[in-house]
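Work through the following exercises with the sequence and coordinates at hand. Each task is followed by a worked solution.

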Amino acid sequence: MRPAPILSAFQQALGEAWAGGAGALLPLGFFAGAAVLVPLGIGTDPQTLRAVGPGILWVALALSSLVTLERIFQADTEDGALDLWLQTGAPASAIAGAKTFAHWLAAGLPLALLSPLLALMFQAEASADLLRNAALYGLGGLAFYFWGGVGAALSATVRRGGLLISLIALPLYVPTAIFGALSMTNGPGSESAPLFLAASTLFALAVAPFAMAAALRLAAD
Amino acid sequence: MFSWFANPLRFMRLSNWLAPLCYALSALLIGWGLWQGLWMVPKDEYQGGDIMRVMFLHVPAAWLAMASYMAMAVMSFIWFIWRHEVADIAAKSIAPLGAVWTAICLATGSIWGKPTWGTWWQWDDARMMSVLFMFFLFLGYMALRASMDTRQKAARAGAILAMVGAINVPLIKFSVDLFTSLHQDSSVLTADGPKMAAVYLWPLLASGLGHTLLFAGLTQTLMRAEIWDRRTAQANAKLMAEG
């Protein structure tokens, strides 16, 4: 197994994510925009905002992953890059995983890094917990990107596939979203929730690349 | 064994008499179950009085919601490995039926929940959530199949999604189980036998078996329709080719 095609897929995806002038700022803008709409929608009471803040950020993270993933494999099926990669003999699962990981690196990780700032805007107390939460957003985001990647690969040949990705990926996002939101509360089960969150991410990393590979072979047919 | 069933001709011969038999038996069983359930059995005040009679529709629907998703995933798996067309036709036919029974389960559950728990819907209830997400899995499966441009592609994409969904179902179930549940625990299938009074249990079992047979009959009918559809397309293509 030669690593060259996998590396090239990774670099291409990274370049793709940074292209368009704004680079990682574009998903950040979407994330911030979605989060800022919430106080306008539900009112500005500090108590309410403090309670819903972490959950709103999870929702915004899931939405922005869906938006950035829409074109991840579609462009490759259109310009033929996918056929070339599949012919190199490198495992399709590794190529799909590398591409998805690159998109998480360019769009998912910046969102996690921005989350402490947004949490402060949602009236959270400034403490080390915000950094811990940022790590959890990064971890959960990885699961979102990999499951979303399955939806993106399945709908790679579908026009206006973005709407389809949301419907397909939504049930797969559930465990991550639940463990993620639970790990930021003080309720029962909140101590073990970060571990379950990590487990759900590992599960996504283990399963999603193979589902993506099967879907990409279908898209290349 | 799978290969024996994979022959469409054999399936058509079998379902020709099996489907009507399923319908007849299910009519008897559901009829008896409903008659007992709605008029004969005493009402249980603890479960909300007369409203508990919705159980004879709600519990079979819940059981079929889960069983049908599993059946769809198993059929997808068989198609994915052995490429038996009848398995794919079965998976395709199960999806809309499963979605309907899942919707019935959600609707009757809401109707039962309002007078007894005082709410139509409870977001942190484990069972409601897992059934709701099962409903979404069915919808996603149908939407994905419908968006593919050939039958073969629809089968492959659908099979991948159904299998990915099936391995996620236990995880979804586990994650929502962490929430405290309003829903009562299972009272039919428990380790030390049914905890329910026999007067409720028998109509419930009859109703459950009846719904299962109705589901099986409808699945066969939809599969037959799909096979006829393909035969018609084939015959049409042949006519066109011969001019």
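**Exercise 1: nonpolar cores**

Task: find which residues touch the most other members of the largest nonpolar core.

Solution. A nonpolar core is a set of buried Ala, Val, Leu, Ile, Met, Phe, Trp, Tyr and Cys residues joined through side-chain atoms within 4.5 Å; buried means under 20% relative accessible area with a 1.4 Å probe, protein chains only. The largest such core has 87 residues, and A:Phe73, A:Trp147, A:Leu154, A:Met212, B:Tyr69, B:Met72 and B:Leu144 touch the most other members. A second, separate core holds 8 residues, including B:Val54 and B:Tyr200.

The model is predicted: local features need pLDDT of at least 70, side-chain atom pairs pLDDT 80 or more, while totals for chains, interfaces and linings use all residues. Residues are numbered from 1 along each chain, chains are lettered from A in the order written, and side-chain values use heavy atoms without hydrogens or water.

**Exercise 2: the interface**

Task: describe the contact between chain B and chain A.

Solution. Start with the residues: 25 come from chain B and 24 from chain A. Next, count salt bridges (Lys or Arg side-chain nitrogen within 4 Å of an Asp or Glu carboxyl oxygen): there are 0. Finally, H6(B) gives the most to the side of chain B that touches chain A, 13 residues.

How values were computed
Contact means heavy atoms within 4.5 Å. Helices (H or I, at least four residues) and strands (E, at least two) are DSSP runs, numbered from the N terminus. Buried means under 20% relative accessible area, exposed over 50%, partly exposed in between (1.4 Å probe, protein chains only).
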